[in-house]
Amino acid sequence: MSNRNQTSTEVQTPAGRAAPWLLSLAGRITIVTTAVAVLAVLVTASIAFPLIRSAAVDQAKQQLTRQADAFAAAPVASQALDLRERHLLGPDSYELSAITSVGTINGPASELLDATDIRPVLTGQKVSRMVSKGGVQFLVEARPLSRGGGIVLSRSLDEINAASAQLLQRTLLALAAGVVIAVLAGTLLARRIANPLAKTAAAARRIAAGERTVPLDPDGVTEVHDVGEAINTLDRALLASEARQREFLLSISHEIRTPLTALRGYAEALEDGLIKPEEISGIGRTLTTETDRLDRFVRDLLALARLEADDFTMDVHPVDIGALLHQVQRTWQAAAAQSGVEIAVELPEKDAAGPLVATADPERLRQIIDGLLGNALRVSPPGGPISLRARIEPTSPAGTTPLPFKGPGTIAIEVQDSGPGLTTDDAAVAFERGILSSRYRGQRPTGSGLGLSIAARLAERMGLRINVEPTIPGSGACFCIRIPLAPGTGQGSTGARA
């Protein structure tokens, strides 16, 4: 029990409460600012203090030199001058000693200088030096007198350093004040930077929790303001994306509900014995048709899920595009005949181009073409043609966006229907899930809204490009897939109907 109480007490200690602040941006900015200020003070002090002491010594030496020169220039009034200087500067400013004409030193300097040191003075020369005695350094200035002998002025460096200590203390106080100001400035700066970031983080958490249109007014420095604007942009993008998803799910729910209603109705009728024997065959066909519709919905949804998986695999190798398009034509011919639509294949002249060989995954490419052709068959009226065209063009045709692959050229595969066509606004959103299906439901034949999205996602995963090609008004819509041309394929571009 005591250990448990001790642990609880330790959690509430000031150090424990300070830990989050130390790990925060505001805490780290304050700490860094303080550290920089302290470092600057230490560097300044390490440079300034020796300079201050050196300046004090130089000033004292200059002053002592002037005093010694004054004594030497006025020997008659030397005693009066000494008394005046001591009265003005204090009794401890310097010590005065006399040198007799025979070289004897009378005064405190007798312990600092010997006969060798004062010999230049007796010959009329000046002496300026620093002398150490008992671990203490002294400034010494000796001057000859015109009547013979000389004078010696000496001053201890300890006295000079004591005099400069007050200046050092004032400098230290100024540096300490600078540290305090730097800490306060750092704290204010940290708050100015951290508070907008904290608001932005709170808004991001609310968005992550599912809330939308979170009010956030970005402020602070430019970078923090940009982060806030990015959060607002993300909020709007999520709102739009979720709205599209809801619309898509409502559309899918509506599409699935229709065949389910038919299946349930006929199942209940069969259960209640309301179906006549001669009607069973027709009802069976209806049930098969509605079941196929549900199967297409499920397969489309599964295809989208597989396209988002990381383990999506492809088998890329040379593909004969002409053979592939003829295969597609044969596969869809029966469905096209039931709808009264003709599917035509157009390829370059063989003598100009030779076989059209591209580098792609044939199964995935066939899946894209089947999706586009199924869409074309749905919107084309009876008697209207559907064209499957292939041509060779440069890697990046003039006026187009550069392709995501490099090579000797590309094969452009076009699927053009004879339906009502697409407007410029339609082309901009043609490959987004469910938009065209929702836009034209009830006005023209529409599917689940997944086919074009699946085709675009497949092309993206294979590194290809699919887009809506411009067409003459009234000639339907044209979708184009661009695939890298296999090396060695001819460069002709003449088209011929097959």
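Trainee: Phe431 and Phe479: buried or exposed?

Mentor: Both Phe431 and Phe479 are buried. Buried means under 20% relative accessible area, exposed means over 50%, and partly exposed is in between, with a 1.4 Å probe and protein chains only. Keep in mind that this is a predicted model, where local features need pLDDT of at least 70, side-chain atom pairs count only at pLDDT 80 or more, and totals for chains, interfaces and linings use all residues. Residues are numbered from 1 along each chain as its sequence is written, and side-chain values use heavy atoms, with hydrogens and water left out.

Trainee: How many aromatic pairs are there by the ring rule?

Mentor: One aromatic pair. Rings of Phe, Tyr and Trp (its six-membered ring) pair if their centres lie within 6.5 Å; planes under 30 degrees apart are stacked, over 60 edge-to-face, the rest tilted.

Trainee: Why is the pair of Phe431 and Phe479 called edge-to-face?

Mentor: The ring centres of Phe431 and Phe479 are 5.9 Å apart and the planes are at 75°, so the pair is edge-to-face. It links distant parts of the chain, 48 residues apart. Phe431 sits in the loop between α12 (424–428) and α13 (435–439), Phe479 in strand β12 (residues 478–484). Helices (H or I, at least four residues) and strands (E, at least two) are DSSP runs, numbered from the N terminus.

Trainee: What is the bridge partner of Val468 in β12?

Mentor: Phe479. β11 and β12 pair in the antiparallel sense over five bridges. Two strands pair if DSSP finds at least two bridges between them.

Trainee: Why is strand β11 largely enclosed by the rest of the structure?

Mentor: Five of the five residues of β11 (residues 465–469) are buried, so the strand is largely enclosed.

Trainee: What makes β2 and β3 edge strands?

Mentor: The open sheet has five strands in the order β2-β1-β5-β4-β3, with antiparallel pairing. β2 (105–106) and β3 (127–133) each pair on one side only.

Trainee: How many bridges join β1 and β2?

Mentor: Strand β1 (residues 95–99) and β2 pair in the antiparallel sense over two bridges. In β2, Asn106 is the bridge partner of Ala98.

Trainee: Why is Thr213 called exposed?

Mentor: The relative accessible area of Thr213 is 56%, so Thr213 is exposed. Thr213 lies in the loop between α6 and α7 (222–272). Its phi is near 50°, a positive value in a residue other than glycine.
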